[in-house]
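Reader: Could we go through the ligand site together? Please begin with the terms.

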Amino acid sequence: MIIMNELKDKVAYITGGSKGIGLGVAKSLLEKGMKVAITSRSLKSAQYAAKTLGADSSRVLALESHVASMESEKKAVQAVLDHFGQLDVTIANAGVGHFAGFEDLTEEQWNDTIDTNLTGVFNTVKASLAALKASKGYVITIASLAGTNFFENGTAYNASKFGLVGFSQALMLDVRKHGIKVTTIMPGSVATAFGDHQVTEKDAWKIQPEDIGEMVVGLLEMNPRTLPSKIEVRPAVPGKS
Ligand SMILES: NC(=O)c1ccc[n+]([C@@H]2O[C@H](COP(=O)([O-])OP(=O)(O)OC[C@H]3O[C@@H](n4cnc5c(N)ncnc54)[C@H](OP(=O)(O)O)[C@@H]3O)[C@@H](O)[C@H]2O)c1
């Protein structure tokens, strides 16, 4: 099992790093001396986000990839290996939220949710696996409390996140024998623009993206013999916005 407590120069591949949680995690890992590759469905958005991180191309790589496409994910992971020469951590974070009552939920919304939040994670991990076996690396999936608590208007999102929690736990059992750790993080409300939400100062009570970043650093620095495989995280004091 890799000793991750020296994070300097380790390489992370983060899907959906153009904003929100993915960007917050990228920032935290860079602060620890890691190198990061971030993706978006738009190269421009990934490049813009990379600029905000304030590090040069020897430490940050911006990539366009659509997680729903295996071909796209394989190309992105290859680009990480070509650029940095190794891959130590894959963070399957990219996700979408379509929330509607079942009668109004469209087939397109259902497919986009499952293709991104569930099949997308399969594609990302599948594309990363050989490199992570070589580095004895780490997979972190960003699920949700919606992967254990169901709610109205949540058929697509709940199905994708319940599925993702099951996938992540079974994956953990399959790959730990190769020295690869898997953790699924299940956040409650995080202050991001997820689902077209406008972040304002009223969101201060929520988990902030950098809090998830801190949590990821803590996981990577944990003793190699110990694996928190599933983490629920929620705002300490519930609010409304
Ligand atoms: N915010 C919350 O309260 C909350 C709570 C629990 C779990 N989560 C989960 O956290 C993850 C990140 O969400 P967030 O809150 O940070 O939302 P966000 O700010 O909307 O960010 C979503 C990210 O995913 C990317 N993305 C979406 N579809 C993609 C695709 N098909 N291929 C590649 N990238 C794609 C977006 O990139 P582009 O738009 O630039 O393509 C963006 O970088 C999601 O999986 C979400 O379900 C969020």
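Author: For residue classes, Ala, Val, Leu, Ile, Met, Phe, Trp, Tyr, Cys and Pro count as nonpolar, Asp, Glu, Lys and Arg as charged, and the others, Gly among them, as polar. This is a predicted model, in which local features need pLDDT of at least 70, side-chain atom pairs count only at pLDDT 80 or more, and totals for chains, interfaces and linings use all residues. Residues are numbered from 1 along each chain as its sequence is written, and side-chain values use heavy atoms, with hydrogens and water left out.

Reader: How does the shell around the ligand divide by class?

Author: The shell has 11 nonpolar, 14 polar and 3 charged residues.

Reader: And which residues come nearest to the ligand?

Author: Ser18, Ile21, Ser40, Tyr157 and Thr192 come nearest, out of 28 residues around the ligand; a residue counts as near if one of its heavy atoms lies within 4 Å.

Reader: Which distances separate the side chains of serine 18 and serine 40 from ligand oxygen atoms?

Author: A polar side-chain atom of serine 18 lies 2.7 Å from an oxygen atom of the ligand, and for serine 40 the distance is 2.6 Å. In arginine 41, a side-chain N or O atom is 2.8 Å from a ligand oxygen atom. A polar contact here is a pair of N or O atoms within 3.5 Å.

Reader: How much of the ligand does the protein bury?

Author: The protein buries 93% of the 880 Å² that the ligand exposes when taken alone, with accessible areas from the Shrake-Rupley method and a 1.4 Å probe.

Reader: Which helices give two or more residues to the shell?

Author: Those are helix H1 (20-31) and helix H5 (155-175); helices are DSSP runs (H or I, at least four residues).

How values were computed: Polar contact = N/O pair within 3.5 Å; in protein donor to acceptor, adjacent residues only side chain to side chain.
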